[in-house]
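Welcome! Here is a short briefing to read alongside the structure, arranged by topic so that you can find your way around.

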Amino acid sequence: MNLQAKIKRDIESHALMACHDLQGELASIDFKSLARYSDDDSEPAYTVENGVATIDVRGLLVPETGGDYRSWGVTGYANLADYIQQANDDYTVTSIVLDIDSGGGYVAGLDGITETIYQSAKPIETFVSGDMYSAAYWLGASTSKVTASKQSGIGSIGVYVVHTEESGWLERYGEKVSLFRSGKWKAAFNSFMPLTDDEKTRLQEGVDESASIFFNHVAAQRNVDAKTVKNWEGDCFTAVKAKELGLIDAIADSVAASSSTKQSNTNPKTEGESMDLQEAQAKITALEAEKAQAVQDAADAKAAALAAQNALAESQAATRQAAIEKLAADSGRTFTDEQVTAFKAMDDAQFAVAEFMAKPVEKKASELPDGLDKAQATNGREGGESRILAAVEAAKAQGAK
């Protein structure tokens, strides 16, 4: 399956997206050139100047691609992780900068690339040369420092899914689709009919859960309250406003000017002057201190993010445990340790199905025929029972003779 078809399938399957302008990102991808892609078309994984490796992050962000598609407007999280690892293994590289111009993309895959950033042995910073929205901000905020150009757009922090309904279009052309299914979650979210209230609730719950993780991630990385992030409602900001809100650290004109960990081989003094030994040693000490601080900042940020993730995981585990206990009470069953473990390992959609299947079906009293009230029905039943009992007693008596 080619990339264009896979993206279309994922969107129709309600993949969680963190993308500021999904249609715009898709329109900017040169799918025709991608169809003719070969390994010779790949650009270098990164460029190195004065010990700083600059890795470009461009266009729609997807879990992975079959090659280096950045020149055509697509960046794969898995591919980006490979580039970061290559830079870590490169002895000429002392630090890494992610040069980002992206409106975001998939939520799937973000956890892997952020973990790669946290595990990097070399400090990683972000420079926003274009825009950094949604999933791209999730990515950039994972680094130790964020610098943006003055023209950059920052933010759009949030998550959504896309649902397309074709029932109106089908009706216009005289077509009607009927689905016969074994349960309400079979063929759920299909495009042939309007979403049910349960389906809308399920999709919104998935969005809210993922958005909560996003808000807490930003809060941990940028030292901003998660409620404040949520209250921005996915808004976009200029670089100046983003700096004021704490979403970025600085504004600069270029990657070179943005990197606090870059190594310079040029003499800072004017031509003809020389640096004495004491001054040189002091500068080396200062540079080493800056580097050590950057490493410490990255470690602190990672610890804060992990703490937030652990807190969220504990909250979700407690919620699931309460749901399991309620299910046991509602169904009158006692679950084995193996069953409880299985319930805990399920995602929300799987648990909802298991919960639905485990609950007992409430029996509905039979409705009375038209014109027959309850008293008549009771009298008729009691009269019938009396005649049956009388016949049984008569049969017993006849048998005794």
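Ser134 sits in the loop between S6 and H6, where helices (H or I, at least four residues) and strands (E, at least two) are DSSP runs, numbered from the N terminus. This is a predicted model, in which local features need pLDDT of at least 70, side-chain atom pairs count only at pLDDT 80 or more, and totals for chains, interfaces and linings use all residues. Residues are numbered from 1 along each chain as its sequence is written, and side-chain values use heavy atoms, with hydrogens and water left out.

- Ser134 has a phi near 55°, a positive value in a residue other than glycine.
- With a relative accessible area of 1%, Ser134 is buried; buried means under 20% relative accessible area, exposed over 50%, and partly exposed in between (1.4 Å probe, protein chains only).
- Glu233 also has a positive phi, of about 55°, although it is not a glycine.
- Look for Glu233 in the loop between helix H9 (226–231) and strand S9 (236–238).
- Glu233 counts as exposed, at 69% relative accessibility.

**Strand S6 and its partners**

- Strand S6 covers residues 124–133, and eight of its 10 residues are buried.
- Strand S5 (residues 95–106) runs parallel to S6, and six bridges join the two; strands pair if DSSP finds at least two bridges between them.
- Within this pairing, Asp99 stands opposite Phe127 in S6.
- Phe127 also stands opposite Thr147 in S7.
- S7 (residues 146–148) pairs with S6 in the parallel sense, over three bridges.
- Strand S8 (residues 153–155) is joined to S6 by three bridges, and these strands run parallel.
- Ile154 in S8 is the bridge partner of Met132.
- As background, side chains in a regular strand alternate between the two faces of the sheet.

**Two β-α-β units**

- S5, helix H5 (residues 110–119) and S6 make a right-handed β-α-β unit; right-handed here means that, with the strands pointing away from the viewer, the path from the first strand over the helix to the second runs clockwise.
- Another right-handed β-α-β unit is made by S6, helix H6 (residues 135–140) and S7.

**Salt bridges**

- What is the count of salt bridges? It comes to 10, where a salt bridge is a side-chain nitrogen of Lys or Arg within 4 Å of a carboxyl oxygen of Asp or Glu.
- In general, side chains of opposite charge can pair when their charged atoms come close.
- Glu12 is exposed, with a relative accessible area of 51%.
- The side chains of Asp249 and Arg222 form another salt bridge (2.9 Å, N to O).
- Asp249 lies in the loop between helix H10 (239–245) and strand S10 (250–251) and Arg222 in helix H8 (residues 197–222), so the pair ties together parts that are 27 residues apart in sequence.
- Asp249 is partly exposed, at a relative accessible area of 35%, whereas Arg222 counts as buried at 10% relative accessibility.
- Glu244 and Lys241 also meet in a salt bridge (3.2 Å, N to O).
- Helix H10 holds both Glu244 and Lys241, three residues apart, about one turn of the helix.
- Glu244 is exposed, with a relative accessible area of 59%, while Lys241 counts as partly exposed at 33% relative accessibility.
- Lys6, Arg9 and Asp10 are linked in a network of salt bridges.

**Aromatic pairs**

- The structure holds two aromatic pairs.
- The rings of Trp232 and Phe237 have their centres 5.6 Å apart and their planes at 70°, so this pair is edge-to-face.
- Rings of Phe, Tyr and Trp (its six-membered ring) pair if their centres lie within 6.5 Å; planes under 30 degrees apart count as stacked, over 60 as edge-to-face and the rest as tilted.
- Trp232 and Phe237 are both buried.

**A nonpolar surface patch**

- Val353, Phe356 and Met357 make a nonpolar surface patch of about 320 Å².
- Patches are made of residues with over 30% relative accessible area and no salt bridge, with like charges joined within 9 Å and nonpolar side chains (Val, Leu, Ile, Met, Phe, Trp, Tyr) within 5 Å.
- Accessible areas come from the Shrake-Rupley method with a 1.4 Å probe; for residues, only the protein chains shown count as cover.
- Val353 lies in helix H14 (residues 348–358), and Val353 is partly exposed, with a relative accessible area of 36%.
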